[in-house]
Amino acid sequence: MIAHPTINSIRVLVPGTGTRFRCGGLNVALQTARLLGRLRPTQVVTYRAREREHPWLEDLLAQETTPGAALWVVSWGFDVPGLLAKLRGRPVVYQAHSSGYGFDLPPGVPVVAVSRNTLGYWGDRAPRNPLFLVPNALEPQWLARGARPGAVDHGSARRPIDVLVQQRKSSPYVLERLVPALRGQGLTVEVQSGWVEDLVELFNSASVYLYDSAEYWRGRGVSEGFGLPPLEALACGCVLFSSFNHALADTLTPGVTAHQIGQGSLQNDLSRIAAAVATPEPWRPQPSVLESLLIEVSEERWLDHWERTLEQLEQLQAQNALGLDPAAALRSPSTRRLRWEQRLDRLRGKVADRLPGWPNRRKP
C-alpha cells in the first residue's frame, strides 16, 4: 500500500461575507466550509474585504511558505484565474459551479464539479486534470420542514399563494406576460423580490413555483451552475414549472419531476398552470421518485462524496499529481493544435490514397 500525505486542514476562499457579496454562490461556499469542517479543520478566508471574523488571504500567503499544509478551495467565477495564480505551488482545487467563463486551468489543478453539466464542460476543456463530482446539497431545513406529501404533509390543503415567482433570474416572458395573464385569470401570484426571513414557509404556502432562468444565464454567457430553488420548491410540495437549461437537466425530468415553462404558447402555459393550481396532486412527482431525488442532494450524501474526494486528492498528492509540479502534470493539446493536426492527418490520407507509395507519417 502506498503511504500518502493527509490533508489536515482546508481553506475555503470567498471575496467576503457581507451583504454586498450575498448571493447563491456565497451561500454555497459558506455551506461548503461548514460541512467540510465536519471532515477536516476548515477556515473561511476572504480576499476582497478584510473581516475580523476570518483570515485575510494576503496575510496567510505572507506568513506561510509553499506548499503549505492546507488544501485551498476556490470557486468564485471570474476571480478563479487570479486566485490560482496567487496559490501557485500550493494544494488547490477548483469547486466549479457555472461554466462558460472562458478561462483555462493550469495542468493538474483538480476540478470538483457541482453538476454533471459542469463536469462535462471541464471534461472537454481540461480532460487531463483530475475531475470529481460533488453535487450541491439542500440545507436540512428544506428536508425537515418542507410540506411535501409523505413528509410534513400539508399537500391536501389549499395554499394561500397559487403561483410563486422569484424575480431574480426570471425571464421577461414570465414577469411581463405570464404573471399578468395568470392574475387575469383570478389566480393569486406572488412575485418575491426582497429579503424573506423564512423561505421555507414561503415555499410551503405556494401551490405552483415558476423558475425560468435560461434567458438570464444565456444573456450573461455562463451557465446555471446547479439550480437549488427548483429543488427547494419540490421539497416543499410545490408543483414545479421550470426551464431545463444547463445543470437543471441534471436533476429535473420533464413531465416527471417538473414541467416545462414557456412550452410553445402562452395559452398552453396558462391552461397547464391553472390545472396544477386547481388539482396539484397529478402534477407532482411520485413521492418515491421525489424522495430518491432529495436523498441525492442531502448533506449526508454530500459528505460521503467529499470524503471520497479528499481521499483521492491525498492519493494524487502522494503520486505528485496534484499540480504542484507542472513538469509532471499531464496536459491536453490546445484546441487549435488538435484541429491543425487532424486537418494535417486528413491531408496526408488524401495524398496517400492518390499516391500509394507516399510514406505514411501519421503518429502511432
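Predicted model: local features only at pLDDT ≥ 70, side-chain atom pairs only at ≥ 80, totals over all residues.
Does Ser75 count as buried or exposed, and at what relative accessibility? That's where I'd like to start today.

Okay, Ser75. Ser75 comes out as buried, because its relative accessibility is 9% and the cut-off for buried is under 20%. You'll find Ser75 in the loop between strand 3 and helix 3. What does Ser75 touch, if we skip residues up to four places away in sequence? The list is Leu13, Val80, Tyr94, Gln95 and His97. There's also a spacing to look at here: Ser75 and Val93 are 18 residues apart in sequence, and their C-alpha atoms are 8.6 Å apart in space.

Now stay in that loop and go to Phe78, since this brings us to the aromatics. The count for this model is 12 aromatic pairs. One of them is Phe78 with Tyr101, an edge-to-face pair with 4.6 Å centre to centre and 85° between the planes. Phe78 belongs to the loop between strand 3 (70–74) and helix 3 (80–86), while Tyr101 belongs to the loop between strand 4 (92–96) and strand 5 (111–113), so this pair ties together parts that are 23 residues apart in sequence. As for accessibility, Phe78 is exposed, at 61% relative accessible area, and Tyr101 is partly exposed, at 23%.

In what order do the strands of the open sheet of 6 strands run? Reading across, you get 2-1-3-4-5-6, and the pairing is parallel. Strand 2 (42–46) and strand 6 (131–133) are at the edges with a single partner strand each, so each has one side left without a neighbour in the sheet. From one strand to the next, the twist averages 25°.

Strand 5 and strand 6 run parallel and are joined by 3 bridges, and Ala113 has Leu133 as its bridge partner in strand 6. Helix 4, residues 116–125, packs on the sheet there, touching strand 4, strand 5 and strand 6, and its direction makes about 175° with that of strand 6. Then there's helix 1, residues 24–36, which lies across strand 1 (9–14), strand 2 and strand 4, at about 170° to strand 1.

Last stop, strand 10, residues 239–242. Are its faces covered or open? Both are covered: Val239 and Phe241 on one side, Leu240 and Ser242 on the other, all of them buried. Strand 9, residues 206–211, pairs with strand 10 in the parallel sense over 4 bridges; Val208, for instance, has Val239 as its bridge partner in strand 10. Strand 10 also pairs with strand 11, residues 259–260, again in the parallel sense, over 2 bridges. Over there, Ser242 stands opposite Gln260 in strand 11.

That's my tour, so over to you.

Definitions and conventions. Residues numbered from 1 in each chain as written. Heavy atoms only, no water. Phe/Tyr/Trp six-rings, centres within 6.5 Å; stacked < 30°, edge-to-face > 60°. Buried < 20%, exposed > 50% of the residue type's maximum accessible area, 1.4 Å probe, protein only. Pairing = 2+ DSSP bridges. Axes fitted to C-alpha atoms, helices over the stretch in contact; angles between N-to-C directions. Contact = heavy atoms within 4.5 Å.
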